[in-house]
Amino acid sequence: MISIDDIINKVREYDPDANMKIIKDAYEFTSIAHAGTKRLSGEDYTQHSLATAFNLTKLRLDVPIIAAGLLHDVPEDTSYTLEEIRKKFGKEITKLVEGITKLGTLKYRGFERYAENLRKMFMAMAEDIRVILIKFADRMHNLETLEYIRPDKRRRIALETLEIYAPIANRLGMGEIKGQLEDLAFPYVYPKEYTWIKKIAEGKLKIEKKYIEKIKKTVEKMLIQEKIEYLSVHGRIKRLYSLYKKILQRDRDIDKVYDFIALRIIVKNIADCYRVLGIIHKKWTPLKGRIKDYIAQPKPNRYQSLHTTVFAERGKIVELQIRDLQMHQLAEYGIATHWRYKEADRKRMTKERTVWIKNLLELQKKVQDYKKYLSEIKIDVFQNRIFVFTPKGDVIDLPEHSTPIDFAYHIHTDIGNKCTGALINEEIAPLDAPLKSGDVVEILTSKNRQKPNVDWLNFIRTNVAREKIKNALKEPEDNKTPKST
Ligand code: MN
């Protein structure tokens, strides 16, 4: 049971000057509005409002979001209206509640309605990204109480969590939220697989725990010897759903999942991150090709850390992740951490992180057919992203299995249209070669104006490339003024 005092105490921890009166008022309003109604779990409805708001305090969010979290189900489930909320709480909080109400529930009832619901969701997110944070907090409590829901509905909610909300959390850089959502939904979507993986993980943990403790002590000793101050050294155990996905790629063999337990080292600054890496490599030999510098080259969702996998004591393979505190918080809470900054910084950071949502809305204006729209969204948002580099080191963020042609069109229309060949990591590669994260791609172009090859349409992955190729093919040959983006 969560009480309003739990919420206020939590807010006080990270924001002592917060206006608690607003939170108390929102609580009072919501408990009157929902009075007498129960959840299927038998709890008072207000418990759900409190749980949602409490989840938001874990993200250290500000008062308007917490208040909106308390009020989020009022217009939909009670006789109180948005207008009444507006009178009492003003514009900002009301807009957030309105956003959540508009989202409603995504329903898999027919593709057309589903596409329409998704579209609404992205519009609400584009207007105010905080809406989706409230949705995550709300969804988390719904998942925690999912056992009281009808089985068919249960599966739908869980599946939607895996397919839609978790990938969105991931794109917003919220690793912790993504992981929690996935693990809460996992047993309802894949019950057998869940039982299987849980057993494997428990068995493996028993064997590995002592070993990783030893490695942890060794690392701590080295850090002290080298006079590097650290905030934490701890073993992080891979979450079950993420382990499940990984083990399927590794012949279902847990011994081939090197990061089942990774040792996480959190230090004070970037320079220390690299020093730690050096110390580790001096002591233990790294595995070839497994050193990843996500500090110099962050992931598309801005994740930063150094990763390395080494042959540690007795030749056992261990993954280590090294980061500073800011990177750690960003990796866990992503966009939610922006609310800790000044307004101007927050706005800029949020804007940078949500460009893809604006692009999606643009896309939807162009793509009228809802089936096509859905398949594009699936590729652009819900598929794994890779990041590849231009020869100058710029990062291009693409969906998995993208090809050099996709890459070329993402740089510039003309580069795509004039593409004649590609070098991947300085070697000639076919134009339909699937790119991998970290590849450096150089596009060879012809000096002459040329048209894209119609065959490219058979293997490209991105909507951007498809639209541009089609446009170029439509242009008459004698058109002397090339169109670019
Ligand atoms: Mn709710």
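Modeller: Let us begin with T161, which lies in helix 9, bearing in mind throughout that this is a predicted model.

Colleague: Is T161 buried or exposed?

Modeller: The general idea is that a residue counts as buried when its relative accessible area is under 20%. T161 has 0% relative accessibility and therefore counts as buried. Once its neighbours within four places in sequence are left aside, T161 is in contact with R139, L143, A166, P167, L181 and A185.

Colleague: How should I read the way helix 9 and helix 10 are arranged?

Modeller: Two packed helices are described by the angle between their axes and by the distance between those axes. Here the axes of helix 9 (residues 151-171) and helix 10 (residues 175-189) come within 8 Å and cross at roughly 155 degrees. Because an angle over 145 degrees counts as roughly antiparallel, helix 9 is roughly antiparallel to helix 10. The crossing of helix 9 and helix 10 is left-handed.

Colleague: Which residues in helix 9 and helix 10 meet?

Modeller: From helix 9 the residues include R154, A158, T161, L162 and Y165, and those they meet in helix 10 include I177, L181, E182 and A185. Taken by class, the residues of the contact between helix 9 and helix 10 are 11 nonpolar, two polar and four charged.

Colleague: Turning to the metal, which residues coordinate the manganese ion?

Modeller: The manganese ion is coordinated by H48 and H72, each through NE2, and by D73 and D138, each through OD, at 2.2 to 2.3 Å. The spacing of these donor residues in sequence is H-x23-H-D-x64-D. H48 lies in helix 3 (residues 45-58), while H72 lies in the loop between helix 4 (63-71) and helix 5 (74-77), so the pair ties together parts that are 24 residues apart in sequence.

Colleague: Are H48 and H72 buried or exposed?

Modeller: H48 is buried, with a relative accessible area of 1%, and H72, at 2% relative accessibility, also counts as buried.

Technical notes
Residues are numbered from 1 along each chain as its sequence is written. This is a predicted model: local features need pLDDT of at least 70, side-chain atom pairs count only at pLDDT 80 or more; totals for chains, interfaces and linings use all residues. Side-chain values use heavy atoms; hydrogens and water are left out. Axes are lines fitted to C-alpha atoms, for helices over the stretch in contact, and angles run from 0 to 180 degrees between N-to-C directions. Helices (H or I, at least four residues) and strands (E, at least two) are DSSP runs, numbered from the N terminus. Angles under 35 degrees count as roughly parallel, over 145 as roughly antiparallel, 65 to 115 as roughly perpendicular and the rest as oblique. A crossing is left-handed if the near helix is turned anticlockwise from the far one by less than a right angle, and right-handed if clockwise. Contact means heavy atoms within 4.5 Å. Ala, Val, Leu, Ile, Met, Phe, Trp, Tyr, Cys and Pro count as nonpolar, Asp, Glu, Lys and Arg as charged, and the others, Gly among them, as polar. Donors are N, O and S atoms within 2.8 Å of the metal (3.2 Å for Na, K and Ca); water is not among the atoms, so sites may look incomplete. Buried means under 20% relative accessible area, exposed over 50%, partly exposed in between (1.4 Å probe, protein chains only).
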